[in-house]
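Have the structure open while you read.

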Amino acid sequence: MPEKLKRVLIVDDNDVMRTLLRAILRSENQFEVVGEARNGLAAVEMNERMKPDIVCLDVIMPEMDGLEALREIKQKRPQTQVVMITGTPSAGNVQEAMSLGANGFIIKPFNAARIIDTLAALPPLPLGY
């Protein structure tokens, strides 16, 4: 029986970044992009509605930043695996994201291998979640 594709929600306010992430993930046979959002508010709403396995979440966005969105996503659906993506990493942001339950961190600029390796290294999802 083929392995179930991991459902991914992409969240970034930059159209080019979303397009790049979508292309990288679609080139692999292990991920299905189920939605895209431009800000944290939309990410929280889409996470509840789409129920992705993984959320690729930008840190700096308008309306609600990635750290606030991470907090809400983990409160409402703690089983969701969240990988933070940022072009401006700081020790404070990384530490806060990890304390809020982030499952990984990717620094921009990134390459396809970094994205795939990080998402593929996430622990298996619980059965029947």
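Before we start, a residue counts as buried when its relative accessible area is under 20%, and as exposed when that is over 50%. Keep in mind that this is a predicted model.

**Helix 5 and its buried face**
- Helix 5 covers residues 112–120, and Ile115, Ile116, Thr118 and Leu119 are buried in it.
- Look down the axis of helix 5 and those buried residues fall within an arc of 165 degrees, so they line one face of the helix.
- Here's the background: an α-helix has 3.6 residues a turn, so residues three or four places apart point the same way.
- What do the buried residues of helix 5 pack against? Their partners are helix 1 (15–26) along with strand 1 (6–11), strand 2 (31–37), strand 3 (54–58), strand 4 (81–86) and strand 5 (104–107).

- Where helix 5 starts, asparagine 111 has a side-chain oxygen within 3.2 Å of the backbone nitrogen of alanine 113.
- Proline 109 sits in the loop between strand 5 and helix 5, and the peptide bond to it from lysine 108 is cis, with omega near -5 degrees.

- As a rule, most residues other than glycine have a negative phi, and most peptide bonds are trans.
- Lysine 51 isn't a glycine, yet its phi is positive, at about 50 degrees.
- You'll find lysine 51 in the loop between helix 2 (40–50) and strand 3, and its 47% relative accessibility makes it partly exposed.
- Glutamate 63 has a positive phi too, near 70 degrees.
- Glutamate 63 belongs to the loop between strand 3 and helix 3 (66–76), and counts as exposed because its relative accessibility is 62%.

Key: Residues are numbered from 1 along each chain as its sequence is written. This is a predicted model: local features need pLDDT of at least 70, side-chain atom pairs count only at pLDDT 80 or more; totals for chains, interfaces and linings use all residues. Side-chain values use heavy atoms; hydrogens and water are left out. Buried means under 20% relative accessible area, exposed over 50%, partly exposed in between (1.4 Å probe, protein chains only). Helices (H or I, at least four residues) and strands (E, at least two) are DSSP runs, numbered from the N terminus. The arc is that of the directions from the helix axis to the C-beta atoms. Contact means heavy atoms within 4.5 Å. A polar contact is a pair of N or O atoms within 3.5 Å; within protein, one must be able to donate a hydrogen and the other to accept it, and residues adjacent in sequence count only if both atoms are side-chain atoms.
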